[in-house]
Amino acid sequence: MSKTQENKAGRAFRTSNRKAFIAFLMAGDPTSDCTVEYILEMERAGADLIEIGIPFSDPTAEGEVIQNANIRALQGGMTTDGVFDIVERVREKARNCSGEKPLVPLALMTYANPVFHYGTERFFARCEELEVAAVLIPDLPYEEKEEMEEAAEVHNVALVSVIAPTSRERIRKIAREAKGFIHVSSPGVAGTRGGRDRELASMVESIREVTDVPCAIDLEISTPQQARHMARVSDGAIVGSAIETIIARDGEQAASSIYRYVRQMKEAVAQA
């Protein structure tokens, strides 16, 4: 992957203080039209990068809120091609509104099975065609990523490393080869606030020892205070469950609530 393409996924962090707010939503929840609208609202509200989930029937890496979003999207008929159609429509609407392509990078979050089923080469070729900056596959083992990574590099897409609590040496090993940015997912971090913060700080320290690729934390963040704190510990905050909670509550009328929420969270991260 060229330096230019690699930086496309890391553009979210190239602000004055290198802090980024990353928003996640599930494609097709509640409808394709709503997903297009909500992505554009999140961009307008200041999200630095938007992760779009491809619904899957066995989302083992997700909590209950995102699992339920998967179910709703699948029941609505969302497919991988449907997700690509959403990205294409977002690009087209952004061009029509501003006369240029949206500045905010888009990433897809999926599982290994849907990519293999779609065809690895075909999947990443479609990502390149639609200027998808990055792909995250949380159930793809580091030791088995070669085929995916080769296809991603050929098509100028960053295959983002998803790092969970593990040994210090393994964290360093994964981080050394990271592209775009690093998604720090910590479902196993528990205990007191102080203990959790020390473990997260240790993970980030291990990452920074071997790479300058930015890392952002995904840890059930829901409030501006939490987002600001996690951005101080790392290079940014990732929020998905709280946004999907708004969508579950407001359904097809969630646009204004999503805008206000993302705006608030972005402002908090900018203060980190």
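T79 has a relative accessible area of 43% and is therefore partly exposed, where buried means under 20% relative accessible area, exposed over 50% and partly exposed in between (1.4 Å probe, protein chains only). The structure is a predicted model, in which local features need pLDDT of at least 70 and side-chain atom pairs count only at pLDDT 80 or more, while totals for chains, interfaces and linings use all residues. Residues are numbered from 1 along each chain as its sequence is written, and side-chain values use heavy atoms, with hydrogens and water left out.

T79 is situated in the loop between α3 and α4 (80–98); helices (H or I, at least four residues) and strands (E, at least two) are DSSP runs, numbered from the N terminus. The side chain of T79 reaches the backbone nitrogen of G82 at 3.0 Å. Although T79 and P55 are 24 residues apart in sequence, their C-alpha atoms are 7.4 Å apart in space.

The loop between β1 (20–26) and α2 contains D29, and P30 lies in the loop between these elements as well. The peptide bond that joins D29 and P30 is cis, with omega of about 5 degrees. Most residues other than glycine have a negative phi, and most peptide bonds are trans. D29 counts as buried because its relative accessibility is 2%. Its side chain forms a polar contact with the side chain of R72, at 2.8 Å; a polar contact is a pair of N or O atoms within 3.5 Å, and within protein one must be able to donate a hydrogen and the other to accept it, with residues adjacent in sequence counting only if both atoms are side-chain atoms. When neighbours within four places in sequence are left aside, D29 is in contact (heavy atoms within 4.5 Å) with T35, Y38, A69, R72, A73, E244 and I247.

Two of these partners, E244 and I247, are among the buried residues of helix α11 (residues 241–250). The buried set of α11 is S241, A242, I243, E244, I246 and I247. The elements that cover these buried residues include β1, α2, α3 (64–75), β8 (236–239) and α12. Just after α11, G251 adopts a positive phi of about 55 degrees.

Helix packing was examined next for α2 and α12. Two packed helices are described by the angle between their axes and the distance between the axes. Helix α2 (residues 32–45) packs with helix α12 (residues 255–270) at an angle of about 30 degrees, and their axes are 8 Å apart; axes are lines fitted to C-alpha atoms, for helices over the stretch in contact, and angles run from 0 to 180 degrees between N-to-C directions. The crossing of α2 and α12 is right-handed, a crossing being right-handed if the near helix is turned clockwise from the far one by less than a right angle and left-handed if anticlockwise. On the α2 side, E37, Y38, E41, M42, R44 and A45 take part, and they meet A255, I258, Y259, V262, R263 and K266 in α12. By class, this contact of α2 with α12 has 7 nonpolar, no polar and 5 charged residues; Ala, Val, Leu, Ile, Met, Phe, Trp, Tyr, Cys and Pro count as nonpolar, Asp, Glu, Lys and Arg as charged, and the others, Gly among them, as polar.

Positive phi values also occur in loops. E131, in the loop between α6 (120–129) and β4, has a positive phi of about 60 degrees although it is not a glycine. With a relative accessibility of 29%, E131 counts as partly exposed. In the loop between α7 and β5 (158–163), N156 likewise has a positive phi, near 60 degrees.

Another loop residue, P138, is found between β4 (134–136) and α7 (146–154). P138 is partly exposed because its relative accessibility is 25%. Not counting residues up to four places away in sequence, P138 touches A61, M109, T110, Y111 and V162. Within helix α7 itself, V154 counts as exposed because its relative accessibility is 56%. V154 is 29 residues apart from A125 in sequence, and their C-alpha atoms are 8.5 Å apart in space.

C34 counts as buried because its relative accessibility is 5%, and C215 counts as buried at 0%. A search of the whole structure finds 0 disulfides, a disulfide being a pair of cysteine sulfur atoms within 2.5 Å.
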